[in-house]
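The report below turns to how two parts of one chain meet, and then to a single residue of another chain.

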Number of protein chains: 2
Amino acid sequence: MASEFDLIARYFDRPAAHAVLGVGDDAALIRPGPGLDLAVSADMLVAGRHFFPDADPAQLGHKALAVNLSDLAAMAATPRWALLSVALPEADEAWLAGFARGFFGLAERYGVDLVGGDTTRGPLNLSVTILGEVPAGQALRRDGARVGDDLWVSGELGGAALGLRHLQGQLRLAEAEAAACLERLHAPEPRVALGRALAGLANSAIDVSDGLLGDLGHILERSRLGAEIELAALPVPAVLAARLPAPLALACLLAGGDDYELCFSAPPGRRAAVQAAAHSVGVAVSRIGHIGAEPGLRVRRPDGGLLDMEVTGFDHFA
Amino acid sequence: MASEFDLIARYFDRPAAHAVLGVGDDAALIRPGPGLDLAVSADMLVAGRHFFPDADPAQLGHKALAVNLSDLAAMAATPRWALLSVALPEADEAWLAGFARGFFGLAERYGVDLVGGDTTRGPLNLSVTILGEVPAGQALRRDGARVGDDLWVSGELGGAALGLRHLQGQLRLAEAEAAACLERLHAPEPRVALGRALAGLANSAIDVSDGLLGDLGHILERSRLGAEIELAALPVPAVLAARLPAPLALACLLAGGDDYELCFSAPPGRRAAVQAAAHSVGVAVSRIGHIGAEPGLRVRRPDGGLLDMEVTGFDHFA
């Protein structure tokens, strides 16, 4: 079996375009400003048992980085450097090659250097750290929402969750529908360009990784405010729209994770600017509600009534 | 059971002294220079099986950070920010509390802010990312050794490995000896101050995490040089010295990991300055050999002959 160092060199040692010193030392060196280097390093400690899921490693490589890029997108940051720690049950080179292909395929599209990390033996575990740049004071935070802000969401919601339910056998999608939903589940596209374009326009933002109600709930909690959203305004793929308002479809829409869209708030006076920013980066955005002073999160049904969160079981997601 | 967010808030959300924005958002914000923030984030993906080692969680918390601080020490960097990703089989609050105590006990001594990370369910896995500062161009790298450099090592070698062998039942230490060796194994003290003090003096450095021969081998490989070290010059605790040259003791000394001392090279003209720097931070250093142009790593025995690395089985460590 190849050693840890061989495997790092073989799969993860690429020239670093933005780093003073990349993979291969105790730490990487980055120089975000003149006269100052940052040393960056990651280690992993694992205690575990042998386990190997059958996920496609290239999709896993893509997704492991994508979910991190999505975090930076929600901050309006430009991703620059990543660290990757992998625990693997055995040194499976075909798996690592596939994983690296997926990881670097996405990294190269976004100009991200892998500058460090660790590999170790253990139950399969992927830990990525990402570093990005954002001009001082321009980051989009969860605690910046203001009363009266419009609430927006990018792209469409619920497709990834629908794909997961399909895999779990909870519903049956036609082949083309399943392919589209599984693409959303396995190969999410982080909204990095949209996040950058929203700097200076949005007051708050989060990426929808755990589900709209839960993630929007984090904005409300950190901003100490409430919100109301319109069920009919939520952007859904046709395959999901056709199944509403069945409870399972509603769950995918409101509490389904893995979409990695951005949910953000912005003042009503910036509606045209938000639309223009989204258009400039080729991403659709939908206005789904607004921020209010009253605590809590209310979901208005198409008939004008409020969704009973307790009855639908959504109250613990908000 | 408490949610992931509760657990983060309870154990890992501390005020960030050096960060613009700490735990609780999609990414942390750090500002290493004027006019520029860095967003920092970590995620973890885990697939695994239930497993719980019986290690003391506070020691584990200390060690998970210590090994990362040691990496920065070997770069002459001042640690500033850490990210911690934890996979846990179950939300064991007593375990987390102990782990946090050990982790923050060390973090606070070094002024390190925990600025992000992730917690998830899975086979026990700890992944730490550390960020530190080093003045531009002053970092100690593995590729900086020069022909004629003295080779140095801090503290003592082999104690941690001896403690591990004791735990494994491969030898039996007296109670006080065992306690000292296990302290080295479980609670290593990173040589951060020494690393900083060596900036501008040493030409290369590495921390001894995998064993002297293997780690020194990384310096030689990256510097494309060779070295000779004197067995009699290696600093060893009395408990190990008493057992030399038995093969097991030799293995602990030359190939035992977990000591987290610094191994570094410096020009002979700087011997007094190196000693003064080490003295200023209260760490002993020993001159153990020198860098040469001839490739390979030779270990000279007290009788003047060379240790036969093939016979002793050490050749694959160097």
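A polar contact is a pair of N or O atoms within 3.5 Å, where within protein one must be able to donate a hydrogen and the other to accept it, and residues adjacent in sequence count only if both atoms are side-chain atoms. The model is predicted, with local features needing pLDDT of at least 70 and side-chain atom pairs pLDDT 80 or more, while totals for chains, interfaces and linings use all residues. Residues are numbered from 1 along each chain as its sequence is written, chains are lettered from A and ligands numbered from 1 in the order in which they are written, and side-chain values use heavy atoms, without hydrogens and water.

Across the interface of domain 1 and domain 2 of chain A, nine residue pairs are in polar contact, both at pLDDT 80 or more. By class, the side of domain 1 of chain A that touches domain 2 of chain A is as follows, with Ala, Val, Leu, Ile, Met, Phe, Trp, Tyr, Cys and Pro taken as nonpolar, Asp, Glu, Lys and Arg as charged, and the others, Gly among them, as polar.

| Class | Residues on the domain 1 side, chain A |
|---|---|
| nonpolar | 12 residues |
| polar | four residues |

The same interface holds two salt bridges, a salt bridge being a side-chain nitrogen of Lys or Arg within 4 Å of a carboxyl oxygen of Asp or Glu. A:Glu189 forms a salt bridge with A:Arg109, their closest N and O atoms being 2.9 Å apart.

In chain B, B:Glu261 has a relative accessible area of 0% and is therefore buried, that is, under 20% with a 1.4 Å probe and protein chains only.

Terms used: Buried means under 20% relative accessible area, exposed over 50%, partly exposed in between (1.4 Å probe, protein chains only).
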